[in-house]
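Thank you all for coming; I would like to walk you through one structure this morning. Please have a look at it first, and then I will go through a few places in turn.

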Amino acid sequence: MKALLHFRASEALGAQILRQLPAWLRLSIADPEDEDLVRKHLADTEVLFHVLAPADKVLMAQAPRLRFIQKIGVGVNTIDLAEARRRGILVANMPGTNSQAVAEMALALILAAIRKISRFDFATRSGQGWALPPDVMDDVTEIAGKVVGLVGFGAVPRRLAPVLKAMGAKVVYSDPHVGTNCDAESVATDVLIREADIISLHVPLTPETRGMIGRPQLEQMRKGVILINTARGELVDENALSEFLQSRHVRCAALDVFANEPADCENPLFKFPNVLVTPHIAWLTAETIERSLVVAIENCRLLRNNLSLVNQVFV
């Protein structure tokens, strides 16, 4: 069976992956930017290990033998599901494999935002650590005593909630599909938006959630709110967010995801000193890769034996 990992992997990562493969599974690795190499490998690929670069109709057309797309992660919004269904290509994702990594990154972004880590790092490296204006410390605060609102309450926020609670925060969440939780209080989304000092997004991108944080929601937020997004960039109206960052109504936005990826240096959000950014890597740890490979290889085995896949997106 031939598989293709559609991802810019390091030499060490590629070696790690190849060591874990069974003898019956051949894997090629191609950087999405190398279109000629991708096209070459797609010609006989049966399984696509999909990460972030879109698995669209054009890509699928280059893979006449493609039987299965394995999402390395959870969100399948970058896969043309309609085209996959039309062609009879199976699709599966792997909820839970990256939850620990994303939870840790969300916590890291909260701490970096609330303590202005990136600003102090830059100033210190420039020899200006003690020369910063005195008022730069005026809004450096602590998690303890703050209301942290988690929009969505799946595997990632369920890991975050007890940690934030242990640090002294009041944790609230909005998710109509989740019952009570001892580490957090369930509230309506509009209540969360009005009352939280820190808001962290943890919902999938769907027609209902696209643009869910826009001008009306930003206007309702507390002055000085911190916004964290490790989910999907399209959840947030970036133009509206820019306005509220400029006015300082939003004290800081810490973002791992953007509406257009890979994020371009011309993104208007990048001009603000009160924005902290990373390039959609919240999920990416050595442990996530190891857990993901276990699922991916098992699904390839199931496909090989004509058995039902784990976490198949549609039947």
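What you see is a predicted model, in which local features need pLDDT of at least 70 and side-chain atom pairs count only at pLDDT 80 or more, while totals for chains, interfaces and linings use all residues. Residues are numbered from 1 along each chain as its sequence is written, and side-chain values use heavy atoms, with hydrogens and water left out.

Let me begin with Asn-229, which lies in strand β10, residues 225–229, strands being DSSP runs of E with at least two residues and helices runs of H or I with at least four, numbered from the N terminus. The side chain of Asn-229 reaches the backbone nitrogen of Ala-231 at 2.9 Å. Is Asn-229 buried or exposed? Asn-229 is buried, with a relative accessible area of 1%, where buried means under 20%, exposed over 50% and partly exposed in between, using a 1.4 Å probe and protein chains only. Beyond its neighbours within four places in sequence, Asn-229 is in contact with residues including Leu-201, Val-236 and Leu-255, contact meaning heavy atoms within 4.5 Å.

Turning to the nonpolar cores, these are sets of buried Ala, Val, Leu, Ile, Met, Phe, Trp, Tyr and Cys residues joined through side-chain atoms within 4.5 Å. The largest has 55 residues, of which Val-47, Phe-49, Leu-150 and Leu-164 touch the most other members, and helix α5, residues 99–114, gives the most to this core, with 10 residues. A second, separate core of 31 residues includes Val-236 and Leu-255.

Conventions: A polar contact is a pair of N or O atoms within 3.5 Å; within protein, one must be able to donate a hydrogen and the other to accept it, and residues adjacent in sequence count only if both atoms are side-chain atoms.
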